[in-house]
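Dear colleague,

I am handing over the structure below, and I would be grateful if you looked through it before reading my notes.

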Amino acid sequence: MNKSTDDKIGLNEIMKRAQDMQKKLQDIQKQVSEMEITGQSGGGVVKVVMTGQHYAKKVSLDNSLMKEEKSIIEDLIAAAINDATDKIEKNLRDKMGGLAGIKLPDGFDGAK
């Protein structure tokens, strides 16, 4: 083969891989949008169900919690939300790492 043919094959292969990656990314986005994650705190007395798009769907408070001070309940709700968010981000990192064929390290989110 001559160089011109080699270049075309290389470009065609790059385009095919880009299309494959785009399809996989769309599949991951769909999976994430359908995902529901439960975060909890206080040993499970507070549970928050969130979607992969970070929308809270449900908050559950154990009846025993109603005796506590308002500030404690607020802190436990915030901790449950943070737990769910952390789980969503880890799940997303794992899926995106698989897309590139590598596992991204914990804490890698592209933010500064």
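**What was found**

K57 counts as exposed, at 53% relative accessibility, where exposed means over 50% relative accessible area, buried under 20% and partly exposed in between (1.4 Å probe, protein chains only). Please keep in mind that this is a predicted model, in which local features need pLDDT of at least 70 and side-chain atom pairs count only at pLDDT 80 or more, while totals for chains, interfaces and linings use all residues. Residues are numbered from 1 along each chain as its sequence is written, and side-chain values use heavy atoms, with hydrogens and water left out.

The side chain of K57 meets that of E36 in a salt bridge, at 2.5 Å from N to O, the term standing for a side-chain nitrogen of Lys or Arg within 4 Å of a carboxyl oxygen of Asp or Glu. This pair links distant parts of the chain, since K57 lies in strand 3 and E36 in strand 1, 21 residues apart. E36 itself is partly exposed, at 47% relative accessibility.

As for the overall layout, the protein chain holds two helices and three strands, in the pattern α-β-β-β-α along the sequence; helices (H or I, at least four residues) and strands (E, at least two) are DSSP runs, numbered from the N terminus. Of its 112 residues, 20% count as buried.

The three strands form an open antiparallel sheet in the order 1-2-3, with strands counted as paired if DSSP finds at least two bridges between them. Strand 1 (36-41) and strand 3 (56-61) are the edge strands, each pairing on one side only. Strand 2 (residues 46-51) pairs with strand 3 in the antiparallel sense over five bridges, and M50 has A56 in strand 3 as its bridge partner.

The structure holds eight salt bridges, and two further ones can be described here. K16 and D20 meet through their side chains at 3.1 Å, N to O; they are separated by about one helical turn because they stand four residues apart in helix 1. Both K16, at a relative accessible area of 45%, and D20, at 34%, are partly exposed. In the other, the closest N and O atoms of E74 and K70 are 3.5 Å apart, and these residues, four apart in helix 2 (residues 70-100), are likewise separated by about one helical turn. Here E74 is partly exposed, with a relative accessible area of 41%, whereas K70 is exposed, with 62%.

With kind regards
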